[in-house]
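Try each task yourself before reading its solution.

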Amino acid sequence: MAESLDEAYKKLMEKIKDFIIFQSAESVIHWDMETMMPPKAIQLRSQQLALLSRIEHKMGTDPEIGKLLKQIKQNPRYDKLNNVQKRNVYLTKKRYDEETKLPEELVVEIAKQQAIAVDVWKKAKASQNFAMFKQELEKMVELKKKAAEILMEVKRTTTPYDALIDIFEPKMTAKTITQVFDELRTGLVRLLKKCESSKKHPNTSVLKRKISVDTQRRIAKALAESVGYDTASKNAGGRIDETEHPFTTGYYDDVRITTHYYEDMFASSVFSVLHEAGHAIYEQDLKQDWMYQPVGSGCSSGFHESQSRFIENIIGRSREFWVYFLPKLKEITGKTFADVNLDNLVHAINQVKPSKIRVEADEITYCLHIVIRFNIERDLFADKIKVKELPEIWNQNYKEYIDIKIENDSEGVMQDTHWASGLFGYFPSYALGNVYSGQLLATMEKDLPNWRKQLEKGKFSPVKDWLIENVHSHGDLYDPPQLIKKITGKELNVKPYLNYLNEKYSELYDF
Ligand code: ZN
């Protein structure tokens, strides 16, 4: 006897709930590995993780899910489902189809190649030898092309590379990104030249003042509190731990961030804490009713990055934030910053200085690093360029866009682990996040004309409430192109972000 629509939907959501709870448990074990695990545990931990990932795969590809999806989709009353239910069915089907259509041998081969390529990448990077890495990267690109061709059908994209982009930024295409990034690049290069030819440059020595790790931990807690990321109350849903590479992990009521503390570079933890707190509050402020449902999740990698960069840069590197936070910083650090002047500090934390390494880049050059990687990936997957040509193309692009000479491939094409890990299609979301953040800011300014004045007084809640209402509460109900339009009334558009940068940096650099 055929099950009723409601029954089938209920059963499907129960399965998904188990799957989501299982994934959240896995993420705590991953977090523990990065933060707390004693070194001797590594062998046991890798067995635990391998077993968990086998179980996860089994749960995610359970034929019962396929059966229920079919019953729901074919039910004549399907249209009676509301929008949230339909979205839950759509997201479940999309994930299920992707997981079941990729042949298991290919998935296993990619996982093995990831391990090999990352290992060889580390060695090749240490010895500045791209030739050593080339073959493994070629193999990885071939495997990802194979996977992308299969995913093209599931995701209904017109090119393999679009299928890879869709994993991180659903329904976004290389064609759209190319148009937006070309405009972004032109605007950023122009701004970079203006900053560089300015006579006004910051004194950044204040950023090198020594701050003990203990004191920096207190600064981190105060920063988290100031943007509404609770790590201290009895009912806190967050905590801050330490890892070399900062990250955020968790779900709704348990979202944790990490940072690193360098005694002579306190700003590094300041901005990583703000960045990760931006990711964390997004996850925590998703609609409570949607917990354990596919729709109860962030919209995309790019939207996640829009939230972290919003908090890190638009808020955290603004003058208004430091009007409020500098006295606090002085209080926490005793005499260290007693003589520091607000304008100098604000200019120092916004210094524009081209660098070879993406993760160290300032707001103006950051997206240029991403545009370079995106153009290379797109051409690589369209067979316009070959892996062996990567170092030369990389170095040319750095010279042309950022005016920097790359001395060796370790500080060039081999600086990021993404390609060794097979993460193609991921880079664009870093820059898309900035573009979205500019559009969000322009819209927010219309709704909250006084937000800067309030921020000066330490009142962040109007901004946070705006983000909750306009971004977080939509969860994964829409794909990114729809969501940005829903919030701002406009398609993806780079102008607001360039306007924001122009306004800010023309003041800082006097142009
Ligand atoms: Zn991030």
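**Exercise 1.** Find how far apart the centres of domain 1 and domain 2 are, and how many residues each gives to the contact.

*Solution.* Start with the centres: taken over C-alpha atoms, those of domain 1 and domain 2 are 27 Å apart. The contact (heavy atoms within 4.5 Å) then takes 40 residues from domain 1 and 51 residues from domain 2. For the bounds, domain 1 covers 2-168 and domain 2 covers 175-509; such bounds come from an automatic or database domain assignment.

A word on the source: this is a predicted model, in which local features need pLDDT of at least 70 and side-chain atom pairs count only at pLDDT 80 or more, while totals for chains, interfaces and linings use all residues. Residues are numbered from 1 along each chain as its sequence is written, and side-chain values use heavy atoms, with hydrogens and water left out.

**Exercise 2.** State how much area domain 1 and domain 2 bury between them.

*Solution.* First recall that the size of an interface is often given as the accessible area lost when the parts come together. Here the buried area (accessible area, 1.4 Å probe, that two parts lose on being put together, summed over both) is about 3,900 Å². Of this, 69% lies on carbon and sulfur atoms.

**Exercise 3.** Which element gives the most residues to the side of domain 1 that touches domain 2?

*Solution.* Begin with the links across the interface: there are three salt bridges, where a salt bridge is a side-chain nitrogen of Lys or Arg within 4 Å of a carboxyl oxygen of Asp or Glu. Next, list the elements that give two or more residues to this side of domain 1: helices H1 (5-35), H4 (83-101), H5 (104-126), H6 (130-155) and H7 (160-168). Helices are DSSP runs (H or I, at least four residues), numbered from the N terminus. H1 gives the most, with eleven residues.

**Exercise 4.** Which residues are the protein donors of the zinc ion, and what spacing do they follow?

*Solution.* Look for donors (N, O and S atoms within 2.8 Å of the metal, or 3.2 Å for Na, K and Ca; water is not among the atoms, so sites may look incomplete). They are His 275 (NE2), His 279 (NE2) and Glu 305 (OE), lying 2.1 to 2.4 Å from the zinc ion. Along the chain, the spacing is H-x3-H-x25-E.
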